[in-house]
Amino acid sequence: MRSNFNRSALVRQLAGWQAAPADVPRQDLAERLGQWFNVADAIALSSLHQALPAVARARRPAVQASARGVQAELQRVRATLSQAITSPPLAPGDEGTDDSDAGFAPHHQRCQEQQRRMDMSIEALRGHVRKTLSLTSARLAQLAALDAVLEPMLGGREQRLLATAPSFLKARFAHLRQSHPGGWQPLFEHELQQTLLAELDLRLQPVVGMVEALSQEVTQHP
(Lines give C-alpha, C1' and ligand atoms only; values in the text may rest on other atoms or scores of the structure.)
Protein backbone atom coordinates (compact mmCIF):
# COMPACT_ATOMS: atom_id res chain seq x y z
CA MET A 1 0.00 0.00 0.00
CA ARG A 2 2.84 2.38 0.76
CA SER A 3 4.25 1.88 -2.74
CA ASN A 4 0.93 2.65 -4.46
CA PHE A 5 0.38 5.73 -2.32
CA ASN A 6 3.88 7.00 -2.96
CA ARG A 7 3.34 6.74 -6.74
CA SER A 8 -0.03 8.50 -6.66
CA ALA A 9 -0.48 11.73 -8.57
CA LEU A 10 -1.65 13.48 -5.42
CA VAL A 11 1.59 12.76 -3.53
CA ARG A 12 3.72 13.73 -6.52
CA GLN A 13 1.90 17.04 -6.87
CA LEU A 14 2.04 17.97 -3.18
CA ALA A 15 5.68 16.90 -2.89
CA GLY A 16 6.58 18.95 -5.96
CA TRP A 17 5.46 22.23 -4.42
CA GLN A 18 8.35 24.03 -2.80
CA ALA A 19 6.29 26.13 -0.41
CA ALA A 20 5.14 23.84 2.40
CA PRO A 21 2.55 25.18 4.87
CA ALA A 22 3.84 25.89 8.34
CA ASP A 23 1.05 23.96 10.04
CA VAL A 24 1.73 20.68 8.16
CA PRO A 25 4.46 18.43 9.63
CA ARG A 26 7.42 18.04 7.29
CA GLN A 27 7.15 14.27 7.08
CA ASP A 28 6.94 12.17 3.95
CA LEU A 29 3.28 11.41 3.24
CA ALA A 30 4.03 7.81 2.33
CA GLU A 31 5.90 7.35 5.62
CA ARG A 32 2.90 8.69 7.50
CA LEU A 33 0.66 6.22 5.67
CA GLY A 34 2.97 3.37 6.67
CA GLN A 35 2.34 4.15 10.32
CA TRP A 36 -1.41 3.60 10.08
CA PHE A 37 -1.49 -0.02 11.22
CA ASN A 38 -1.31 -0.71 14.95
CA VAL A 39 -1.76 -3.73 17.23
CA ALA A 40 -5.56 -3.49 17.16
CA ASP A 41 -5.51 -3.43 13.38
CA ALA A 42 -3.25 -6.49 13.31
CA ILE A 43 -5.70 -8.35 15.56
CA ALA A 44 -8.63 -7.39 13.34
CA LEU A 45 -6.79 -8.59 10.24
CA SER A 46 -5.86 -11.84 11.97
CA SER A 47 -9.51 -12.45 12.88
CA LEU A 48 -10.51 -11.79 9.29
CA HIS A 49 -7.87 -14.23 8.05
CA GLN A 50 -9.37 -16.95 10.24
CA ALA A 51 -12.89 -16.15 9.00
CA LEU A 52 -12.08 -16.13 5.28
CA PRO A 53 -12.48 -19.91 4.78
CA ALA A 54 -16.04 -19.68 6.12
CA VAL A 55 -16.72 -16.78 3.78
CA ALA A 56 -15.57 -18.90 0.85
CA ARG A 57 -17.75 -21.86 1.89
CA ALA A 58 -20.90 -19.79 2.29
CA ARG A 59 -23.61 -20.59 -0.21
CA ARG A 60 -24.49 -17.77 -2.55
CA PRO A 61 -27.26 -17.41 -5.14
CA ALA A 62 -26.56 -18.20 -8.75
CA VAL A 63 -25.96 -14.62 -9.81
CA GLN A 64 -24.01 -13.83 -12.96
CA ALA A 65 -22.30 -10.58 -12.11
CA SER A 66 -22.22 -7.95 -14.83
CA ALA A 67 -18.68 -6.63 -14.97
CA ARG A 68 -19.77 -4.11 -17.57
CA GLY A 69 -22.51 -2.81 -15.28
CA VAL A 70 -20.11 -2.27 -12.40
CA GLN A 71 -17.55 -0.66 -14.70
CA ALA A 72 -20.24 1.65 -16.05
CA GLU A 73 -21.19 2.68 -12.51
CA LEU A 74 -17.56 3.38 -11.67
CA GLN A 75 -17.20 5.50 -14.81
CA ARG A 76 -20.43 7.35 -14.01
CA VAL A 77 -19.32 8.23 -10.48
CA ARG A 78 -15.86 9.27 -11.68
CA ALA A 79 -17.33 11.46 -14.44
CA THR A 80 -19.85 13.11 -12.10
CA LEU A 81 -17.23 13.93 -9.48
CA SER A 82 -14.72 15.10 -12.10
CA GLN A 83 -17.29 17.43 -13.61
CA ALA A 84 -18.07 18.89 -10.19
CA ILE A 85 -14.37 19.52 -9.59
CA THR A 86 -13.70 21.17 -12.95
CA SER A 87 -16.88 23.26 -13.12
CA PRO A 88 -16.18 27.02 -12.99
CA PRO A 89 -16.51 28.19 -9.38
CA LEU A 90 -17.72 31.67 -10.35
CA ALA A 91 -21.04 32.63 -11.89
CA PRO A 92 -21.00 34.22 -15.35
CA GLY A 93 -20.03 37.86 -15.10
CA ASP A 94 -18.04 37.38 -11.90
CA GLU A 95 -14.76 36.50 -13.58
CA GLY A 96 -13.30 39.83 -12.55
CA THR A 97 -13.81 39.21 -8.83
CA ASP A 98 -10.62 39.86 -6.88
CA ASP A 99 -10.02 36.74 -4.79
CA SER A 100 -7.58 38.66 -2.65
CA ASP A 101 -10.53 40.32 -0.93
CA ALA A 102 -11.80 37.04 0.53
CA GLY A 103 -8.40 35.39 0.72
CA PHE A 104 -8.17 31.61 0.62
CA ALA A 105 -11.39 31.02 2.59
CA PRO A 106 -13.71 30.45 -0.43
CA HIS A 107 -11.24 28.01 -1.95
CA HIS A 108 -10.88 26.18 1.36
CA GLN A 109 -14.66 25.82 1.56
CA ARG A 110 -14.77 24.60 -2.03
CA CYS A 111 -12.11 21.96 -1.31
CA GLN A 112 -14.00 20.71 1.72
CA GLU A 113 -17.26 20.52 -0.23
CA GLN A 114 -15.62 18.51 -3.00
CA GLN A 115 -14.01 16.19 -0.47
CA ARG A 116 -17.37 15.57 1.22
CA ARG A 117 -18.96 14.87 -2.16
CA MET A 118 -16.20 12.39 -3.04
CA ASP A 119 -16.48 10.71 0.34
CA MET A 120 -20.23 10.14 0.12
CA SER A 121 -20.33 9.03 -3.52
CA ILE A 122 -17.35 6.70 -3.33
CA GLU A 123 -18.50 5.14 -0.06
CA ALA A 124 -21.83 4.18 -1.68
CA LEU A 125 -20.10 2.91 -4.82
CA ARG A 126 -17.59 0.87 -2.81
CA GLY A 127 -20.37 -0.80 -0.85
CA HIS A 128 -22.23 -1.65 -4.05
CA VAL A 129 -19.13 -3.17 -5.63
CA ARG A 130 -18.44 -5.24 -2.50
CA LYS A 131 -21.97 -6.61 -2.56
CA THR A 132 -21.58 -7.57 -6.21
CA LEU A 133 -18.31 -9.35 -5.51
CA SER A 134 -19.76 -11.24 -2.56
CA LEU A 135 -22.43 -12.74 -4.84
CA THR A 136 -20.08 -13.68 -7.66
CA SER A 137 -17.58 -16.26 -6.41
CA ALA A 138 -15.87 -17.54 -3.28
CA ARG A 139 -12.62 -15.80 -4.14
CA LEU A 140 -14.27 -12.46 -4.78
CA ALA A 141 -16.37 -12.85 -1.63
CA GLN A 142 -13.12 -13.09 0.33
CA LEU A 143 -11.83 -9.96 -1.37
CA ALA A 144 -15.05 -8.14 -0.48
CA ALA A 145 -14.75 -9.26 3.13
CA LEU A 146 -11.18 -7.97 3.27
CA ASP A 147 -12.20 -4.60 1.85
CA ALA A 148 -15.10 -4.38 4.32
CA VAL A 149 -12.58 -4.62 7.16
CA LEU A 150 -9.99 -2.31 5.62
CA GLU A 151 -12.39 0.52 4.76
CA PRO A 152 -13.35 1.47 8.35
CA MET A 153 -9.88 0.57 9.61
CA LEU A 154 -8.14 3.00 7.25
CA GLY A 155 -10.95 5.41 6.46
CA GLY A 156 -10.53 7.74 9.42
CA ARG A 157 -6.78 7.93 9.00
CA GLU A 158 -7.20 8.54 5.27
CA GLN A 159 -9.61 11.40 5.92
CA ARG A 160 -7.24 13.05 8.37
CA LEU A 161 -4.37 12.82 5.90
CA LEU A 162 -6.38 14.10 2.94
CA ALA A 163 -7.65 16.95 5.11
CA THR A 164 -4.14 18.42 4.95
CA ALA A 165 -4.43 19.01 1.18
CA PRO A 166 -6.12 22.43 1.62
CA SER A 167 -3.16 23.53 3.74
CA PHE A 168 -0.81 22.82 0.84
CA LEU A 169 -3.18 24.65 -1.49
CA LYS A 170 -3.27 27.61 0.87
CA ALA A 171 0.51 27.89 0.64
CA ARG A 172 0.33 27.70 -3.16
CA PHE A 173 -2.40 30.35 -3.14
CA ALA A 174 -0.13 32.77 -1.25
CA HIS A 175 2.92 31.90 -3.35
CA LEU A 176 1.23 32.31 -6.72
CA ARG A 177 -0.53 35.53 -5.74
CA GLN A 178 2.82 37.02 -4.71
CA SER A 179 4.93 35.70 -7.59
CA HIS A 180 2.37 36.17 -10.42
CA PRO A 181 0.53 39.45 -9.72
CA GLY A 182 -2.30 40.03 -12.14
CA GLY A 183 -2.33 36.49 -13.50
CA TRP A 184 -2.28 34.12 -10.56
CA GLN A 185 -5.99 33.22 -10.57
CA PRO A 186 -6.01 30.85 -13.58
CA LEU A 187 -2.76 29.26 -12.41
CA PHE A 188 -4.15 28.56 -8.98
CA GLU A 189 -7.48 27.34 -10.35
CA HIS A 190 -5.64 24.83 -12.54
CA GLU A 191 -3.56 23.55 -9.63
CA LEU A 192 -6.59 23.33 -7.36
CA GLN A 193 -8.48 21.27 -9.93
CA GLN A 194 -5.50 19.00 -10.59
CA THR A 195 -5.05 18.40 -6.87
CA LEU A 196 -8.69 17.46 -6.38
CA LEU A 197 -8.66 15.22 -9.47
CA ALA A 198 -5.56 13.47 -8.14
CA GLU A 199 -7.32 12.98 -4.82
CA LEU A 200 -10.29 11.51 -6.66
CA ASP A 201 -8.03 8.97 -8.37
CA LEU A 202 -6.49 8.07 -5.03
CA ARG A 203 -9.85 7.60 -3.33
CA LEU A 204 -11.08 5.40 -6.17
CA GLN A 205 -8.12 3.00 -6.09
CA PRO A 206 -9.80 0.36 -3.87
CA VAL A 207 -12.91 0.38 -6.06
CA VAL A 208 -10.88 0.17 -9.25
CA GLY A 209 -8.98 -2.81 -7.84
CA MET A 210 -12.19 -4.68 -7.01
CA VAL A 211 -13.74 -3.91 -10.40
CA GLU A 212 -10.62 -5.19 -12.14
CA ALA A 213 -10.76 -8.37 -10.04
CA LEU A 214 -14.42 -8.84 -11.01
CA SER A 215 -13.62 -8.36 -14.70
CA GLN A 216 -10.88 -10.98 -14.53
CA GLU A 217 -13.16 -13.43 -12.74
CA VAL A 218 -15.96 -13.03 -15.27
CA THR A 219 -13.48 -13.38 -18.16
CA GLN A 220 -11.96 -16.58 -16.72
CA HIS A 221 -15.32 -18.11 -15.72
CA PRO A 222 -17.95 -16.82 -18.15
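Modeller: A definition comes first: buried means under 20% relative accessible area, exposed means over 50%, and partly exposed lies in between. The model is a predicted one. The part to look at is helix α9, which spans residues 184–220.

Start with Asp201. Its side chain meets that of Arg78 in a salt bridge, at 2.7 Å from N to O. Asp201 lies in α9 and Arg78 in helix α5 (residues 67–86), so this pair ties together parts that are 123 residues apart in sequence. How accessible are the two partners? Asp201 has a relative accessible area of 38%, so it counts as partly exposed. Arg78 is partly exposed as well, at 28%.

Next, Glu191. This residue forms a salt bridge with Arg172, and the closest N and O atoms are 2.7 Å apart. Here too the pair links distant parts of the chain: Glu191 sits in α9, Arg172 in helix α8 (residues 165–179), 19 residues apart. Are Arg172 and Glu191 buried or exposed? Both are buried.

Glu199 and Arg203 meet through their side chains in a salt bridge of 2.9 Å, N to O. Both residues lie in α9, four residues apart, or about one turn of the helix. Glu199 is buried, with 0% relative accessibility. Arg203 has a relative accessible area of 6%, so it falls under the 20% cut-off and is buried.

For context, the whole structure holds nine salt bridges. Elsewhere, a network of salt bridges links Arg126, Arg130, Asp147 and Glu151.

Now the nonpolar side. In soluble globular proteins, nonpolar side chains tend to be buried together. The largest nonpolar core in this model has 31 residues. Which elements give two or more residues to this core? They are α5, α6 (105–134), α7 (138–162), α8 and α9. The largest share comes from α9, with 13 residues. Val129 and Phe188 have the most contacts inside the core.

Setting aside neighbours within four places in sequence, Val129 is in contact with Val70, Val207, Met210 and Val211.

How values were computed: Residues numbered from 1 in each chain as written. Predicted model: local features only at pLDDT ≥ 70, side-chain atom pairs only at ≥ 80, totals over all residues. Heavy atoms only, no water. Salt bridge = Lys/Arg side-chain N within 4 Å of Asp/Glu carboxyl O. Buried < 20%, exposed > 50% of the residue type's maximum accessible area, 1.4 Å probe, protein only. Core = buried A, V, L, I, M, F, W, Y, C linked by side-chain atoms within 4.5 Å. Contact = heavy atoms within 4.5 Å.
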